[in-house]
Amino acid sequence: IPFALISGLVFVVISFFISPRYASTARFTVNTTQESPAGGLAALARQSGISLSQGGAEGSLDYWQQVVAGRAVRERVLARGLDVRRSNGTQHIDLVKWYGLEGSRADAAREGALSALARNLSAGVDSRANILSLVATDRDPAVAASLAATTLEELNAFNTDNRQSTARQNRVFVEQRLKESNADAIQAQERLTDFYTANRNY
């Protein structure tokens, strides 16, 4: 009986001091057949500061698992904030204030909020099905759901922006190489003409 009583008291104390946590999970498939880490996906990874493993599909899943809760996406979520659905309408949440950091210096508050997001966001992967799970947690179930949805939207926007950036960089590179090739061809033609001119009397 004394043991049961002590256990019960410990449980009550822990429950009193630890607020419940809620999790919201979003699952999506990853297409790993169109690109390999040596292609466009690797370029995105380098821009994001992410190290990919080599080996095709595994590299793609490795990339997505790291980038889901990576700093680049968390920065986008932090800048955007959350629009949380309530029974009486939509509440916009500034994450710096939500995490109780509004009294800190701006840079410290920002880093603190990014760290809080890192603790509240995680990703799991099912390599056989090419399914990645994004899990967002919070003390408020509506905030957890909004955090998962917002992170997924910003992940998609991040991917689109970086692919467009990579495409522009590739186009500029190809155009520059084309100009250089044309210039080389013109110079070669001029050298050939000069050679014929200098040796036409022989």
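**Entry 1: Arg-110**

I started with Arg-110, which counts as partly exposed at 35% relative accessibility (buried means under 20% relative accessible area, exposed over 50%, partly exposed in between, with a 1.4 Å probe and protein chains only). Before going on, I noted that this is a predicted model, where local features need pLDDT of at least 70 and side-chain atom pairs count only at pLDDT 80 or more, while totals for chains, interfaces and linings use all residues. I also noted that residues are numbered from 1 along each chain as its sequence is written, and that side-chain values use heavy atoms, with hydrogens and water left out.

Which residue does Arg-110 form a salt bridge with? I found Glu-111, with the closest N and O atoms 3.6 Å apart. A salt bridge here is a side-chain nitrogen of Lys or Arg within 4 Å of a carboxyl oxygen of Asp or Glu.

**Entry 2: Glu-111 and Arg-71**

I stayed with Glu-111 and looked up its salt bridge with Arg-71, at 2.6 Å from N to O. This pair links distant parts of the chain, with Arg-71 in helix 4 (residues 71-80) and Glu-111 in helix 6, 40 residues apart. Helices are DSSP runs (H or I, at least four residues), numbered from the N terminus. Glu-111 is partly exposed, with a relative accessible area of 35%, and Arg-71 is partly exposed too, at 37%.

**Entry 3: helix 6**

Next I checked the length of helix 6.

Which residues of helix 6 are buried? I listed Ala-109, Ala-113, Leu-114, Ala-116, Leu-117 and Asn-120. They cover an arc of only 160 degrees around the axis, so they sit on the same side of helix 6. The arc is that of the directions from the helix axis to the C-beta atoms.

**Entry 4: helix 4**

I then turned to helix 4, where Val-73, Arg-74, Val-77 and Leu-78 are buried. Seen down the axis, the buried residues of helix 4 fall within an arc of 135 degrees, so they line one face of the helix. Ala-72 is also in helix 4, but is partly exposed, with a relative accessible area of 26%. I looked for Glu-154 as well: Ala-72 and Glu-154 are 82 residues apart in sequence, yet 9.5 Å apart in space, C-alpha to C-alpha. Just after helix 4, Gly-81 takes a positive phi of about 80 degrees.

How do helix 4 and helix 6 lie to each other, roughly parallel or roughly perpendicular? Their axes come within 10 Å and cross at roughly 115 degrees, and the two helices are therefore roughly perpendicular.

How many salt bridges does the structure hold? I noted ten. One of them joins the side chains of Arg-76 and Asp-161, at 3.0 Å from N to O. That pair also links distant parts of the chain, Arg-76 in helix 4 and Asp-161 in helix 7 (residues 141-198), 85 residues apart. Arg-76 is partly exposed at 26% relative accessibility, and Asp-161 is partly exposed at 35%.

I ended on a network of salt bridges that links Arg-76, Arg-80, Glu-153, Glu-154 and Asp-161.

Notes: Axes are lines fitted to C-alpha atoms, for helices over the stretch in contact, and angles run from 0 to 180 degrees between N-to-C directions. Angles under 35 degrees count as roughly parallel, over 145 as roughly antiparallel, 65 to 115 as roughly perpendicular and the rest as oblique.
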